[in-house]
Amino acid sequence: MTNNKQEVYGFRFLDTLNQSFYQLFAVGNQIISKESYHWNGLTRKDGPLFLFQYTLAGCGYIEVDKTLHKLGEGTGFMVEIPSNHRYFFLESNTDWEVLFIMFRPTNIEEEWRHAVSSLGQVFSMPEDSSPIRLLKSVFASAAKNHITDGFRASAIVYEFVMELFRYHVTAKKEKHSWPDPIAEAASYIEATYQSLQSLEEIAAKVNLSKYYFTRLYKKTTGYTPIEYLTKVRMEEAIRLLRDSDMTMEAIAQELGYSTGSYFIKVFHQWIGISPGEFRLATEHAYLHQLKLD
């Protein structure tokens, strides 16, 4: 690769400027291969901003208050701009692919700082975690020019920060600490999502009434059993849309949905764009990368 991949989308909406809305600044997916990629949090001029950046592949570094951290796959950082930090790439490493979101502190400083204190300024997070899935869907929406007004952009900022909170709460509740019926039910959902038909079927598997089971499952995992089933199916849908050329009908059948149209409806509700739009957006990003290779 001869150049850095630059897939960055910036946002400036007058309809929500200087009002009680959240201000999305930029979202991006970059592959960095040059040491010219170096950002100093005390000298850059685009602040004040909050930045969340996540490593999809390769490795980079961040120095925060004179402490150096390696940013390998599955790690990320949250910083304020301006502040005493710098993040950078070394050409001795393999290319560094990152996903990021930036927004103004307006109206969301307290929530952001609480999220940072909970998760850590430098953190580890699975790529299939809910904040990263959401960030990928936001990037796909930006790539398709679907973030067209300040109200949608404001909702994205709030939803993302709330997803960080939700991830922190649910991450503390690892499966090994879940009540046995809930851990058993989660494993059952993950193993049989293609054929599951009803809440009653899952509750019966663990010998609980569906009402008590639903309340306990929600309290333990942060999801209702049906929401968790949908989560598992949507994670598999994203993989199939990226890695295969299967039709929507075929993907629907693979996931356990009766029709392609119903799968499209659920995907849009869960991810925010249609599966076809998601596939086109990921193909667009891939083709753009090929042009830079």
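Visitor: What do the words buried, exposed and partly exposed stand for here?

Guide: Buried means under 20% relative accessible area, exposed means over 50%, and partly exposed lies in between (1.4 Å probe, protein chains only). The model is predicted: local features need pLDDT of at least 70, side-chain atom pairs count only at pLDDT 80 or more, and totals for chains, interfaces and linings use all residues. Residues are numbered from 1 along each chain as its sequence is written, and side-chain values use heavy atoms, with hydrogens and water left out.

Visitor: What makes the contact of R86 and E63 a salt bridge?

Guide: A salt bridge requires a side-chain nitrogen of Lys or Arg within 4 Å of a carboxyl oxygen of Asp or Glu. For R86 and E63 the N to O distance is 3.2 Å, so the pair meets the rule. R86 belongs to strand β8 (residues 85-88) and E63 to strand β5 (residues 60-64), so the bridge ties together parts 23 residues apart in sequence. Strands are DSSP runs of E with at least two residues, and helices are runs of H or I with at least four, numbered from the N terminus.

Visitor: Why is E236 called buried?

Guide: E236 has 15% relative accessibility, and because buried means under 20%, E236 counts as buried. Its salt-bridge partner R239, at 2.6 Å from N to O, is partly exposed at 41%.
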